Amino acid sequence: MNDRIKKATRHTNQNEGLIFEKSSPGKRAFDLAALDVPPANMGKELGEFHRANGIQDFPEVSEIEVIRHFTRLSTWNYAIDLGMYPLGSCTMKYNPRVNEHVARLAGIATEHPYQPQHLSQGCLKVLSLLEKCLLEITGMDAITLQPAAGAQGELVGLLLIRAYHQKNGNPRKKVLIPDSAHGTNPATAVIAGYEVENIKSNADGQVDIATLREKVTEDVAALMLTNPSTLGIFEQQIPEIAGILHAKGALLYMDGANMNALAGITRPGDLGVDVMHLNLHKTFSTPHGGGGPGAGPVAMKKALEPFLPLPVLAQKADGTLALDFNRKDSIGKVKAFGGNFGVLVRALAYILAYGPGVRQATEDAVTNANYIRKQLEGVFDLPYTRPSMHEVVFSDAIQKKHGVNTMDIAKRLIDYGFHPYTTAFPLIVPGALMIEPTESESKEECDFFVDAMKSIAEEAEQTPEIVKTAPHTTRIRRLDEVAAARKPILRWKP
Amino acid sequence: MSYPTQFRYTKEHEWIDLKGDVATIGITDYAQHELGDVVFVELPAVGATLTTGKTFSSVESVKAVSEIYAPASGQVVEANTELQNKPESINTDPHGAGWLVKVKLSNPAELNSLMDAKAYEAYIEEKKKEASA
Amino acid sequence: MRYLPKSPAERQQMLTAIGVKSVEELFTSIPERYRLKQPLHLPGPMSEAEVIGYFQERAAENSAGYTSFLGAGVYSHLRSVVTDALLQRGEFLTSYTPYQAEITQGTLQAIFEFQTLMCQLTGQEVANASMYDGSTATTEAVLMAERVTGRSRVLVARSLHPEYRDVLRTYAKNSGLTVEEIHYTASGTLDVAALKSSLRDDVCAVVVQSPNFFGAIENLGTVAEAAHAAGALLVVAVTEALSLAVVKAPAEADIVALEGQSLGLPPSYGGPFVGVIASREKFVRQMPGRLAGQTTDQDGRRGFVLTLATREQHIRREKATSNICTNQALCALAATIHLSLLGKEGIREMAEQNVAKARFALNELEKIPGVNRTFPAPFFNEFTVEFPRSVKMVNAELLKSRIIGPYVLGPAYPELTKHALVCVTETTTRAQIEHFVAGVRAALDQPL
């Protein structure tokens, strides 16, 4: 293997079948205490609805088999705990372990959402403090912690915008979305009942002011903007953008996915944003866990406050906290039982650990991105040259000349011990390499990454085949996604 | 692959082959090559109406979906249901077994404004030049 | 700061390498007047011990020391410590969505096992890798039925969880769906005659919960027949997944929307939970949410990938089946581990204990004069009773004995003014049940 690969080495990886393939009747992994009431006659209790033979083919294994099975499976995964994820706009930062500890405390993990409010003051205080902290960070006036993820937050944001316009007599028809936007933006706008109008970015990858001025009419409900953009570039004219929208009574929605470039440095509310969502599983360190759960709080200016989803956290005259369901203009509920409380706890723990020092995290994130950019400029093509914030977008234009594309480079990066960066997004950069190192990366890890990328660029020129057929060192090689889509096998069968 | 001279072609890379008053429609070799391995095809039902320029079908690869636009108007008389089991026919035989629908045209004269094989081959040469520029 | 791996010297080295003197120079693209000059007003910074201390104080201000008889969509069940031990492995906890299959086979195989377990549980042919929760899964199931049938009227059982109905209404408002409620009969189950008279060829789905919000098990066969005769799909919502260990799987359903919280997730004041959509294979391309599929690599080894991605937002954008990006992967993993631990016999035994304890509680309650079981339909671990006096008053008295009493049905169901929804699980001891019953008796004995 290439001797420039310093961070990764090959190691023995165990094979492991499906849990069902280890199953054998009579094995047990769990015991219950003896029943302390008379046993029920199941046939009598449930009659024709009794599932007399149990759940067919459910696994039967022992405790140690469960431990080994899932431990072995875990060793097949890359994770933040192992090293950097340079994934753009994902903000894969350290998931502090104290967050896991406090989320599991008896009295925090155990509370029922319908228990009396006077016996839930601890939970309500957590929610209240988190609200205050997020309002301070975003510079907004009101907030809901209910949405379960960023995409649901976007939906709430658009429903709030719709309710606002409806109250003013005209819900309006269109939402403007830059062509650099994340796919959830247009998908959400359609679900909220709006037509999507794409707005082309200018040569700098920013919103073109002249085009915007033309497109904003009284039929436009809002512009959905990501800031910094998905190119990692700050939308410098955001106050003008807000002005153009407000002049026609439209609103500015900000996708807060890239908040890791802004926290403690500037506040979206000050920039003219009317409503925005945050991804707690990005900027606020809650764990990705292989794809969720997340949380997508939505912060807004006063004008949208009457439309908040139910319930709204309120303080009673005696100082205690309560949930207020009596809000006639509310958009309703988007999820049962409130927000993802367990995720909200973790986000608050993160904020408390940093305090006002959260600015340092932002500075380090932006430093890391610019450090990597500086080292790789010239090695990879840089389509947009404006200053980068917390992420940088290159393209594969130079490597394409040797038949190597961004997907190949990403797969070869795996052999060097890294998770790939974001490939092929944003759509406005053909062959994109979107790199976000976050503040959790040390100089050493950044240097390993730079070195790996430089080495792959050389390989692309001199020995392109090794890049095009990567990865070479994983337990599983490239998988046949075509067969998986043509004849989907979505479950095990005996 | 050569482009059959009896077909007519659109800028969106559909081909149409008229025999009598029924036309067969598919996508070209250039299109299937751009799309990659086809995994799924969505076809209209028999009896459905096609309107020139509007989408009537979609062809999916693993990572992308391509809308297919009607080159002419008419009514679907047959849909290539074999594609449910063998979507790969679009890749291996795009001008033959990979056909999508057979349509009874409402205005066969519409075909006159489409490209012939020579014009289409020139058109895709231009496209290839643009892509590598 | 302990989460930041940089020394002052390293920061300086990096800034020099970039070509700037100070980090402020990296923020010049933000117009000067919008750059904050003061630190934010935030509590902290706190040491690890202080962070823990903060949350311990909050934990002490909740319901510690109380026994609860609340269910109503969120259930307290036993969880093995093995589940958290495995969940907290960094390779699971801190791993990203498995878009790069070669280095996320752990997550992908676990999802495949989860999908299989959900099919086995629900009796359906295919299940997705999870949705946010049962309430959004139910709404997504309705939207799926709308896509499949091309119709836009929905008939929803009034006995579907009130919050699930609220969520559906919020989404329906903006999608042109009309939602109508069908009442329940004196037996506690759906009024099928009323359903039939409302069914026309414009109905995309009939939505029923089983066991329903009152705890009653629905006769899905008759509901399915009626729905299918009108060309509508049957959507069955399940909020207490443990019931499926002893209650027949809703195989008559076209789409099942399941809440998996009972399968290894703590109540956690309402979330995160895990929703699942399970359905027939023929509807799979209309199904929202991620799907893990089995395939082989170039050397013929079995492996797993996310598949049928063209349904999703990052490809279809405006035309996606849903805007959902995330799933609840870690929660689904918890359920997969939990169900592997319980196994076929363990889950049955746990479910039977629920039935036995709930029946015991009902029998004891019915011995109190004036307390009556409301609905004769069979139930799993929740049932509805009527008190001769206000449930709120009884619950207020129970609190004095450190008991959190049953869910008060009146506010959500004005026609059930004196009714309470009692839930008893395997975590409630006989002594606690007897204490509860004695408390109810004492409360009802109070002078008026």
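Questions on a predicted three-chain model

User: How large in volume is the second largest pocket?

Analyst: In this predicted model, the second largest pocket has a volume of about 1300 Å³.

User: What makes a residue part of the lining of this pocket, and which residues lie nearest its centre?

Analyst: A lining residue has an atom within 4 Å of a point of the pocket. By that criterion, 47 residues line the second largest pocket. Nearest its centre lie A:Pro113, A:Tyr114, A:Gln117, A:Leu323 and A:Phe325.

User: Which elements supply at least two residues of the lining of the second largest pocket?

Analyst: They come from chain A and chain C. Chain A supplies helix H4 (121–138), strand S1 (142–144), strand S8 (312–315) and helix H10 (341–354). Chain C supplies helix H7 (162–173), helix H12 (391–400), strand S13 (403–404) and strand S14 (407–408). The most is given by H7(C), with five residues.

User: How do the residues of this lining divide into nonpolar, polar and charged?

Analyst: The lining of the second largest pocket has 29 nonpolar, ten polar and eight charged residues.

User: What makes a space a cavity, and how many cavities of 30 Å³ or more does the structure hold?

Analyst: In a cavity, a 1.4 Å probe fits but cannot get out, whereas a pocket is open. The structure holds eight cavities of 30 Å³ or more. The largest cavity contains about 80 Å³ of space.

User: Which residues line the largest cavity?

Analyst: From chain A, the lining has A:Gly289 and A:Gly290. From chain C, it has C:Phe92, C:Thr107, C:Ala110, C:Ile111, C:Phe114, C:Ala329, C:Leu330, C:Ala332, C:Leu333 and C:Thr336. Two elements of chain C, helix H5 (105–122) and helix H11 (329–366), each give two or more residues to this lining. H11(C) gives the most, with five residues.

User: How many charged residues does the lining of the largest cavity have?

Analyst: The lining has no charged residues. Eight of its residues are nonpolar and four are polar.

User: Why is C:Phe360 called buried?

Analyst: The cut-off for buried is under 20% relative accessible area. C:Phe360 has 8% relative accessibility, and therefore counts as buried. This residue lies in helix H11 of chain C. Leaving aside neighbours within four places in sequence, C:Phe360 is in contact with A:Val37, A:Pro38, C:Arg430, C:Ile433 and C:Glu434. One of these, C:Ile433, is 73 residues from C:Phe360 in sequence and 8.4 Å from it in space, C-alpha to C-alpha.

User: Why does A:Asn99 count as buried?

Analyst: Buried requires a value under 20%. A:Asn99 has 0% relative accessibility, so it counts as buried. A:Asn99 belongs to helix H3 (residues 97–103) of chain A. Not counting residues up to four places away in sequence, A:Asn99 touches A:Ser285, A:Arg346, A:Ala349 and A:Tyr350.

User: Why is helix H13 of chain A described as largely enclosed by the rest of the structure?

Analyst: Helix H13 (residues 406–415) of chain A has ten residues, and nine of them are buried, so the helix is largely enclosed by the rest of the structure. The buried residues are A:Thr406, A:Asp408, A:Ile409, A:Ala410, A:Lys411, A:Arg412, A:Leu413, A:Ile414 and A:Asp415. Their cover includes helix H12 (397–400), strand S11 (422–423), strand S12 (432–435), helix H14 (443–462) and helix H15 (464–468) of chain A.

User: How many helices and strands does chain B have, and why is chain B called as compact as a globular protein of its length?

Analyst: Chain B has four helices and nine strands. Its radius of gyration is 14 Å, close to the 14 Å that the globule rule gives for 133 residues, so chain B is as compact as a globular protein of that length. The C-alpha atoms of chain B fill a box of roughly 45 × 35 × 25 Å along the principal axes. Buried residues make up 48% of its 133 residues.

User: What percentage of the 448 residues in chain C is buried?

Analyst: Buried residues make up 67% of chain C. Chain C has 13 helices and 15 strands, and its C-alpha trace spans about 85 × 55 × 50 Å along its principal axes. The accessible surface of chain C comes to about 14200 Å², with 51% belonging to carbon and sulfur atoms.

How values were computed
Residues are numbered from 1 along each chain as its sequence is written. Chains are lettered from A and ligands numbered from 1 in the order in which they are written. This is a predicted model: local features need pLDDT of at least 70, side-chain atom pairs count only at pLDDT 80 or more; totals for chains, interfaces and linings use all residues. Side-chain values use heavy atoms; hydrogens and water are left out. On a 1 Å grid over the protein atoms alone, a cavity is a set of points where a 1.4 Å probe fits but cannot get out, and a pocket is an open set with protein on both sides within 12 Å along at least five of seven lines; lining residues have an atom within 4 Å of a point. Grid points are joined across faces, edges and corners, and a volume is the space filled by probe spheres set on the points. Ala, Val, Leu, Ile, Met, Phe, Trp, Tyr, Cys and Pro count as nonpolar, Asp, Glu, Lys and Arg as charged, and the others, Gly among them, as polar. The radius of gyration is taken over C-alpha atoms; the globule rule is 2.2 Å times the number of residues to the power 0.38. Buried means under 20% relative accessible area, exposed over 50%, partly exposed in between (1.4 Å probe, protein chains only). Contact means heavy atoms within 4.5 Å. Accessible areas come from the Shrake-Rupley method with a 1.4 Å probe; for residues, only the protein chains shown count as cover.
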